[in-house]
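Here is a short report for a first look. Start with the sequence and the model, then read on.

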Amino acid sequence: MRRSAHILLNDVRRHVKAPWAILIFIAIPLVMTGLIGVIFAPRTEGSELPPIAVLLVDNDKGLAAKLLVSSFDVDQMKEMFQTTVTDEADGRKRMAKGKASALVVIPEGFTLDLLEARPVTLLVVKNPAEQFLPDIVEEFMATMAVMLSGVVQAFAEEVRGIRAMIDGPIDRIPWETLGPEFGKAQKKIAAAAKYLDPLLLRLKEEETQAAGARPRITASHLFSEILPGMAIMFLLFIVQTLMRDLLSDREDGKLRRMMTTPLRPIELIGARIAGGWIMGLAVLLIMVAFGALVFRATVGPFGTFLLLAVAAAFWTAAFFALFHALVRNRNQAGAVAAPVILAFSIFGGSMINVEAMPKAFRLIGILTPNRWYIDSAALVRDGRFPLVGLIVLVASGLLFLALAVPALRRRISV
Amino acid sequence: MRRIKRTLHVAKNDLRIMVGDKIFFFWTLAFPILFIVIFGVLYKAGDNDPDVARLTVVNLDQGRWGSYFIGKIETPGIAVTVTGEEPAEYGRLLVIPADFSARIEARRDQALAFKKRSDASARAAARVETRLMQAIARTIGELVLYGPGDLAEFLDGHPEFKDLVVVKSEFPANTVTVVPSGFDHSIPGTTIQFIMMMVMIYGGITVMEDRKRGVLARMLFSPMSAGELFRAKLLGRWLMGLLQALMLFAVGKIFFGLDLGSVPLALLVIAVFALAMAALSVFIGSLVTKEDVIIGLAILLANIFAGLGGCWWPNEIVPPAVRGVARISPAYWAMDALHQLTFFQGGLADIAVPVGVLAALAAVLTAVAGKTFRIRE
């Protein structure tokens with residue numbers, strides 16, 4: 001036992017003296033969490049997307065076109081859209097370079113056509129490199145189109161009358177005859193007011209949660225959700241790196257020299273596995289502590305989380321003990337370990353949200369430690385005890401350990 | 001001429017050794033393809049691009065206006081399911097109350113409950129909401145137009161609301177003609193990310209190992225100069241990046257119908273980008289003495305550059321401030337140039353700026369790598 005502890009301490013000292021690789025691997029999940037969190041963190045209420053760049057081209061310059069353009073100036077729309085009024089040639093040139101999400105072209109004669117109740121077409125040129133924002137502009141314009149269609153139809157008769165009168169030179173406008181037309185329009189406005197003030201139909205929006213669903217995420221929730229996936233992924237990388245000593249000692253001839261001392265193989269194996277476990281746990285806790293300090297990521301009750309961290313670090317150490325017992329040399333270990341870890345991470349939900357995955361991927365994910373750790377960490381955050389996750393991690397870890405120890409003994413005895 | 005031959009010989013040999021490693025194909029081809037498929041499918045079928053946004057309508061209305069209003073909601077891109085009671089599972093739900101018709105006929109205003117699940121697609125919710133607004137506008141428009149009399153008889157016959165103003169959408173002239181698929185987004189992104197990662201890892205480690213094992217020093221016993229050796233190492237890593245891009249683009253073209261626009265220009269972008277990465281790999285391999293540190297650095301840098309540069313998610317959803325910071329990422333310029341070619345069918349003039357930035361970066365990194373290139377420990 002003393003000899004095992006001695007080796008373990010020596011290993012820790014050695015890795016602390018040359019910490020760069022481990023520090024970088026600790027930094028990666030934190031940087032990734034920060035990056036993803038900054039990009040996807042919910043922003044101001046009602047605006048989950050960045051401002052949408054819209055180019056407006058008014059080829060008409062008439063009253064209806066002005067009304068349409070000014071609809072982008074309403075406070076709520078100002079937050080949503082960043083509009084630039086330009087001419088068509090410039091707008092199309094900019095769109096050809098992808099400099100805006102969409103270009104809205106109001107055609108020449110738009111107002112006159114509307115006054116004549118003739119169908120008109122608004123053109124929305126969409127940025128092909130963007131997937132979401134151009135559609136929002138299109139939907140907004142479609143809503144505006146419906147509203148304009150309604151207004152035009154409601155007042156078509158009056159407007160036609162007035163237009164016929166004012167089409168001639170200004171000195172020939174029969175001003176006295178305009179009165180009845182305005183009168184008709186006024187009556188219609190009064191009638192419409194019954195439906196418009198207050199609006200006859202409105203929507204009362206409400207955000208609801210399915211039974212068992214988590215509340216709407218905040219920035220710190222988001223960091224709390226991303227960090228466990230990243231942490232378990234890089235815990236695997238780090239423990240694999242730390243436990244590569246099992247192979248390098250053998251290849252460097254250190255193992256043979258160590259075995260000339262009274263050290264028993266089981267003591268060496270025990271020290272190396274315990275080393276991977278303890279250092280892995282320490283690394284995981286450092287990542288979590290950093291996440292809590294910088295991103296205000298939460299882990300839930302610390303005692304329960306610690307239990308989960310111990311189980312995850314144990315699983316990782318046991319898995320890589322078996323892994324290093326099976327591979328031939330360091331090169332093979334390096335070549336195989338990374339794909340295995342990345343496969344765990346993809347299917348287990350470290351890289352992609354499990355809910356966004358196809359069903360088959362989700363099923364494969366059950367075979368990965370990432371999935372169990374991520375799901376259990378979510379339960380702990382919600383204040384629940386991750387019994388199943390802990391059982392799976394510890395039981396499979398014990399199985400790997402039971403297989404790894406005799407296999408490693410055989411390799412050490414060779 | 002001999003110098004060039006010697007440089008090419010060493011570079012080709014480096015490439016041959018790397019390609020001879022079986023795991024090389026996993027990293028440069030199999031694994032990126034897995035990424036391409038996963039992200040391509042997610043872009044296409046995920047929350048990001050729902051073909052149809054679903055809406056559940058609980059119609060409790062005692063009269064005829066409820067069904068009439070639902071008819072107004074049913075437009076292309078919206079799938080409406082009508083039920084008699086509120087289901088436990090839904091993404092978006094509209095409740096039409098029992099007195100819906102009665103209130104309309106009495107011209108009394110009312111607010112319809114529109115419930116959105118917090119965990120459901122925000123994009124689908126936005127589409128449904130705009131369609132509901134359009135349905136409301138149409139209904140009220142009809143009432144204003146044709147409903148001055150008894151509204152109870154309104155539904156027995158009235159002219160239809162005419163959409164005098166219609167919206168037509170199109171892509172810019174001389175760009176794409178069909179909506180780009182998820183793979184059109186995921187293939188360039190994944191290619192750029194894996195060129196960064198693999199050139200830095202393989203290139204960096206082999207430079208470090210050649211130095212540590214004395215291979216570089218021994219090569220100087222040949223007529224090669226240190227400068228030629230540096231150029232050969234740079235060339236070998238550049239060829240590796242190019243080879244990887246060629247393989248991934250070929251797979252993209254054959255299996256996923258990737259359209260890069262101008263292939264020669266796309267290869268020019270990749271060539272300049274790969275040169276910058278090759279120089280970075282030689283620089284890292286010259287400075288670092290541990291394999292794990294090179295791997296860690298490569299993963300860290302490649303992930304930061306890829307995330308910032310728009311390899312993983314469309315830049316449109318990125319906050320403006322982060323988009324500004326993204327310009328420090330070589331991946332940003334490469335993706336910008338590839339987007340110009342893929343989505344806008346751009347020419348040389350359109351990619352001049354991003355390619356110029358990448359070329360300048362490649363020149364600086366090559367100069368720095370040349371200065372720090374070490375033959376011995």
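## Chain B as a whole

This model is predicted. In chain B, 48% of the 377 residues count as buried. The chain holds 13 helices and five strands.

Its C-alpha trace spans about 105 × 40 × 35 Å along the principal axes. The radius of gyration of chain B is 30 Å, whereas a compact globule of 377 residues would have one near 21 Å. Contacts in chain B were also sorted by sequence separation: among those between residues at least 6 apart, 83% join residues at least 24 apart.

## Where the chains meet

Chain A brings 82 residues to the contact, and chain B brings 80 residues. On the side of chain A, the elements giving two or more residues include α2, α5 (88–96), β4 (120–126) and α7 (133–154). α7(A) gives the most, with 17 residues. This side of chain A has 57 nonpolar, 11 polar and 14 charged residues.

β5(A) runs parallel to strand β4 (residues 110–117) of chain B, over eight bridges. One bridge joins A:Glu207 to B:Lys116 in β4(B).

## A helix pair in chain A

Helix α2 (residues 20–40) of chain A meets helix α13 (residues 265–295) of chain A. Their axes come within 10 Å and cross at roughly 35°. The crossing is right-handed.

From α2(A), the contact includes A:Ile22, A:Ile26, A:Pro29 and A:Leu30. Among their counterparts in α13(A) are A:Val283, A:Ile286, A:Met287 and A:Phe290. The residues of this contact divide into nine nonpolar, four polar and no charged.

Note on methods:
Residues are numbered from 1 along each chain as its sequence is written. Chains are lettered from A and ligands numbered from 1 in the order in which they are written. This is a predicted model: local features need pLDDT of at least 70, side-chain atom pairs count only at pLDDT 80 or more; totals for chains, interfaces and linings use all residues. Axes are lines fitted to C-alpha atoms, for helices over the stretch in contact, and angles run from 0 to 180 degrees between N-to-C directions. Helices (H or I, at least four residues) and strands (E, at least two) are DSSP runs, numbered from the N terminus. A crossing is left-handed if the near helix is turned anticlockwise from the far one by less than a right angle, and right-handed if clockwise. Two residues are in contact if their C-beta atoms, placed from the backbone, lie within 7 Å. Ala, Val, Leu, Ile, Met, Phe, Trp, Tyr, Cys and Pro count as nonpolar, Asp, Glu, Lys and Arg as charged, and the others, Gly among them, as polar. The radius of gyration is taken over C-alpha atoms; the globule rule is 2.2 Å times the number of residues to the power 0.38. A residue is buried if 20 or more other C-beta atoms lie within 10 Å of its own, exposed if 12 or fewer, and partly exposed in between; C-beta atoms are placed from the backbone. Two strands pair if DSSP finds at least two bridges between them.
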